[in-house]
Amino acid sequence: MVHVTKTNFLTQLSDFLHHLPNASFVAIDEEMTGINLPGGREQRPNKIELPGERYTRLLKGVPERYSILQVGVALFCENPRYRKRNAAEEGCAAGGNGSHDRGPADDAEENDENDEHAEREGNEANNDDENADDDDDTVDEEETDEEQPEYVSRIYNFYLFPDGRRSAPEREVTLNPSTVKFLLENHMDFDKVFREGIPYTTADRASYLKRRHFERYDGGEGTGRNGKGGGGNTPAKNRVKLTRVDDIAFVARTMAGLREW
């Protein structure tokens, strides 16, 4: 399991996107600051309600009131060693179904095999001590092959916390006491959530920030402080394009520090 925070987010996101196309299926789970609205447990489901109506009455307000603290994503990929072992077993089964009439050549071959078998038994009787370790290793390898799972998993545990910068509209974090108690009993690291949680915002706010970024730094349709596209004195075509993940993360942290300052 990989714990993903704002410190290693870009690196682990690149690893996640690299392995995602190879996943046979994906499992997702999340932890929130609450899962029930006040008084919601006392409200009994109405048998004549449609699922959509029940969701609107009892559950729609949950994601609007509470926040996501943790998202777990598990990628399950086929294990090539498991497939190889199955193919070998099927090949042995198919090879054992054939049959043919015996002839003189078969009898001669069987006699040779018997002689070789007797000679081999004599050698094994003289070298029992030397072959003991080799036999153990062979057994261990066979057991290892048999224990290969059909799928291997890669689990990413994302810690999240709403964006609290001054430039972003703050989202109130509401805690449900029973939910917090449950999370603490199951070893939720709230310190890591609050200090290192990956900041997030709404889709509309993200679109606005993205548009504003390109207008300011990439010479979009917007204007900068000096009234010219690009938001600065340096022409957009002369600006340096960052491609390395470490460089992008460094600039993002630096710009965030400058904005807070």
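Mentor: Thr33 touches Tyr66, Ser67, Leu69, Val173, Thr174, Leu175, Asn176 and Thr179, leaving aside residues up to four places away in sequence; contact means heavy atoms within 4.5 Å. This is a predicted model, in which local features need pLDDT of at least 70, side-chain atom pairs count only at pLDDT 80 or more, and totals for chains, interfaces and linings use all residues. Residues are numbered from 1 along each chain as its sequence is written, and side-chain values use heavy atoms, with hydrogens and water left out.

Trainee: Is Thr33 buried or exposed?

Mentor: Thr33 is buried, with a relative accessible area of 1%. Buried means under 20% relative accessible area (1.4 Å probe, protein chains only).

Trainee: And where does Thr33 lie?

Mentor: Thr33 lies in the loop between strand 2 (25–32) and helix 2 (51–59). Helices (H or I, at least four residues) and strands (E, at least two) are DSSP runs, numbered from the N terminus.

Trainee: What lies 2.7 Å from a polar atom of the Thr33 side chain?

Mentor: That is the backbone oxygen of Thr174.

Trainee: Now the strands. How many bridges join strand 3 to strand 4?

Mentor: Nine bridges join strand 3 (residues 68–78) to strand 4, and the two run antiparallel. Two strands pair if DSSP finds at least two bridges between them. Gln70 stands opposite Tyr159 in strand 4.

Trainee: What about strand 1 and strand 4?

Mentor: Strand 1 (residues 2–4) and strand 4 (residues 151–162) run parallel, joined by three bridges. Val4 has Phe158 as its bridge partner in strand 4.

Trainee: Which residue of strand 5 partners Leu160?

Mentor: The partner is Ile198. Strand 5 (residues 198–200) runs parallel to strand 4, with three bridges between them.

Terms used:
Buried < 20%, exposed > 50% of the residue type's maximum accessible area, 1.4 Å probe, protein only. Polar contact = N/O pair within 3.5 Å; in protein donor to acceptor, adjacent residues only side chain to side chain.
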